[in-house]
Amino acid sequence: MGRARSAELPPELQQTLSKARRLEWLTIAYLTSAVILLALVLGSSQAMKTAWIEDLLSLIPPIAFLLAMRFNSRAPTARFPYGFHRIVSIAHLCSALALFVMGTYLLVESIIKLITAEYPTINSVELFGQTIWLGWLMLPALAWSGLPAVFLGRAKITLAEELHNKVLYADAKMNKADWLTASAAMVGVVGIGFGLWWLDAVAAALISLDITKDGVSNLRRAVVDLMDQTPTTIDEDDADPLHERLAEMLRDLDWVEDVDLRLREEGQVYFGEAVVVSYDETNIPEKVENAIKRARDLDWRIYDLALTPVRELPGTDERTAKGERAG
Amino acid sequence: MRVGIVDNDPWTRMEDGRASGIEVELLKDFARELGADTTFVPGTTPELLQAAKEAEVDVLVGGFTSTSPGVSEGKEAGVTGTYLTTRLVVGVPPGTHVFDDPSGRKVAVERIDATAAMLKEEGAVPVPVEDLSAAEMPVATYEWQLKAWGFEPTGAELPEEKHIMAVPLGENGWLVELERFLRVHREEAKELLREETS
């Protein structure tokens with residue numbers, strides 16, 4: 001029925017997408033510079049190592065976004081009749097899993113360091129003929145890894161909302177929180193400098209807790225999306241009001257008596273089926289075509305809608321009952 | 001200043017309760033600079049790592065390099081940066097055939113230690129001998145020693161050895177101070193090595 005058009009986005013959002021792409025390239029370039037800089041001053045501070053790994057992991061979402069955006073708008077093929085939209089959700093799942101696994105690992109590692117009281121020891125380096133403790137050099141490197149990220153994150157979050165792209169959103173949120181990671185690591189390093197060895201492990205534990213938290217929340221969202229949860233808004237977990245708007249619009253059609261609508265997210269767009277009971281059984285094909293066209297005009301996210309006219313809504317009672325029990 | 005010392009000639013030696021060697025001389029100078037007295041605590045690497053953990057020694061020496069097991073990882077003790085880099089060369093007695101590839105050849109060493117391990121890595125067969133300078137086979141030693149003995153250096157060089165010392169974990173200020181001293185006295189360390197080995 002509503003067979004996919006090849007480009008997901010309306011013209012005005014195409015520009016937003018290119019902007020998002022540019023920002024993600026910028027993010028990759030910036031993160032690479034931060035990773036290299038931190039690697040140069042990486043000593044045996046656990047907090048520093050954790051911050052470094054977080055920066056490395058932060059590279060995954062922008063890469064996933066850029067890769068997904070290359071494939072998701074491809075026209076459906078005989079082998080993939082539903083198109084490639086879901087690649088966005090899969091990218092989301094992959095980055096979430098990376099965050100979760102790494103976060104847990106680092107958390108365990110820093111707790112072990114805390115329990116075994118492993119005193120972090122940081123060397124000095126020779127710079128311009130002066131011996132400087134590497135810990136002091138870590139501070140500017142950490143500042144570079146934390147501050148610009150905040151601005152990138154802020155810029156991307158608005159774009160993510162417009163594009164309804166959860167990978168971009170997760171990425172932007174991680175960037176926005178980067179200053180926390182950087183300052184925690186700085187506190188850890190300064191702690192070592194003043195002989196408070198445990199501050200390093202505590203800072204590392206906090207950072208890894210933050211990474212794990214990002215991982216868990218993203219993992220949950222990616223999994224429920226892949227399980228065809230009803231579409232949700234990007235920032236909150238609320239049901240997207242678009243579902244209700246679409247049902248309302250269909251119900252308001254003069255030939256429609258009752259509607260049963262279900263939608264699911266495929267990446268940044270929605271697929272779904274509407275079953276409608278009609279008052280009037282004349283000219284059904286024209287009416288259905290017209291209804292689908294109006295549904296698409298309602299919002300660009302309504303991408304692939306199948307509309308089936310029936311005499312009676314099938315199994316409505318059953319489904320509602322179950323839904324109520326679950327809710 | 002209490003120095004844990006693992007016997008490893010020419011870097012560290014304990015003879016009749018008296019410590020000597022390149023690293024011992026360096027640390028004596030360091031102590032003098034700090035206005036501290038030095039006592040030497042002989043032991044094995046594991047014993048002294050334990051002592052460092054319990055803050056019973058302040059510095060740990062024993063010709064350690066960036067590949068010394070137990071020390072170089074920085075898990076049991078904090079390690080300094082490289083204060084001296086050395087490289088052994090295989091040389092042949094005068095009048096014998098010079099080669100580039102030591103693999104499959106017997107090479108004389110003073111004893112079976114890290115040098116012997118590196119030779120094995122290159123495919124050579126290390127043979128411990130009493131006196132290297134009188135060996136009638138290829139030897140692995142420093143270039144200036146080869147020259148002094150009239151040996152012919154070959155193209156076979158062993159990997160660089162990066163020499164380090166160790167301090168108790170977490171002693172950051174102390175570590176930086178020691179590293180600063182070692183940086184300033186890099187030339188002295190080279191000088192001492194030449195004296196010790198010629």
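Two residues are in contact if their C-beta atoms, placed from the backbone, lie within 7 Å. The structure is a predicted model, in which local features need pLDDT of at least 70 and side-chain atom pairs count only at pLDDT 80 or more, while totals for chains, interfaces and linings use all residues. Residues are numbered from 1 along each chain as its sequence is written, and chains are lettered from A and ligands numbered from 1 in the order in which they are written.

**Stop 1: chain B as a whole**

Select chain B. Of its contacts with a separation of 6 or more, 68% are between residues 24 or more positions apart. Chain B holds six helices and 14 strands; helices (H or I, at least four residues) and strands (E, at least two) are DSSP runs, numbered from the N terminus. The C-alpha trace spans about 50 × 30 × 30 Å along the principal axes of chain B.

The radius of gyration is taken over C-alpha atoms, and the globule rule is 2.2 Å times the number of residues to the power 0.38. For the 198 residues of chain B a compact globule would have a value near 16 Å, and the 18 Å of chain B agrees with that. Of these 198 residues, 37% are buried. A residue is buried if 20 or more other C-beta atoms lie within 10 Å of its own, exposed if 12 or fewer, and partly exposed in between, with C-beta atoms placed from the backbone.

**Stop 2: the domains of chain B**

Colour residues 2-84 and 161-196 of chain B as domain 1, and residues 88-157 as domain 2. These bounds come from an automatic or database domain assignment. Taken over C-alpha atoms, the centres of the two domains of chain B are separated by 28 Å.

**Stop 3: a cis peptide bond**

Most residues other than glycine have a negative phi, and most peptide bonds are trans. Zoom in on B:D9 and B:P10, which are joined by a cis peptide bond with omega of about 0°. B:P10 sits in the loop between β1 (2-5) and β2 (13-15) of chain B.

**Stop 4: where the chains touch**

Show both chains. The contact between them takes 14 residues from chain A and 11 residues from chain B. On the chain B side, helix α5 (residues 172-184) supplies the largest share, six residues. That side of chain B divides into three nonpolar, five polar and three charged residues. Here Ala, Val, Leu, Ile, Met, Phe, Trp, Tyr, Cys and Pro count as nonpolar, Asp, Glu, Lys and Arg as charged, and the others, Gly among them, as polar.

**Stop 5: chain A as a whole**

Now select chain A, with 11 helices and five strands. Its C-alpha trace spans about 90 × 40 × 30 Å along the principal axes. A compact globule of 327 residues would have a radius of gyration near 20 Å, but the value for chain A is 25 Å. Buried residues account for 44% of the 327 residues of chain A. Among contacts in chain A between residues at least 6 apart in sequence, 72% link residues at least 24 apart.

**Stop 6: the domains of chain A**

Colour 11-226 of chain A as domain 1 and 241-326 as domain 2. The C-alpha centres of these domains lie 41 Å apart. Where they meet, 11 residues of domain 1 of chain A are in contact with seven residues of domain 2. On the domain 1 side, α4(A) gives the most, with three residues. The residues of that side divide into four nonpolar, five polar and two charged.

**Stop 7: two loops with positive phi**

Go to A:A117, in the loop between α4 (87-115) and β1 (124-127) of chain A. A:A117 is not a glycine, yet its phi is positive, near 50°. A:A117 counts as exposed because it has 11 C-beta neighbours inside 10 Å.

Next find A:D228, in the loop between α8 (197-226) and α9 of chain A. Its phi is also positive, about 60°, although A:D228 is not a glycine. With 14 other C-beta atoms within 10 Å, A:D228 is partly exposed.

**Stop 8: the sheet of chain A**

Select β3, β4 and β5 of chain A, which form an open sheet in the order β3-β4-β5 with mixed pairing. Two strands pair if DSSP finds at least two bridges between them. The edge strands are β3 (256-266) and β5 (302-310), each pairing on one side only. From one strand to the next the twist averages 15°.

Strand β4 (residues 269-278) of chain A runs parallel to β5(A), and eight bridges join them. To see one of these pairs, pick A:V277, whose bridge partner in β5(A) is A:V310.

Axes are lines fitted to C-alpha atoms, for helices over the stretch in contact, and angles run from 0 to 180 degrees between N-to-C directions.
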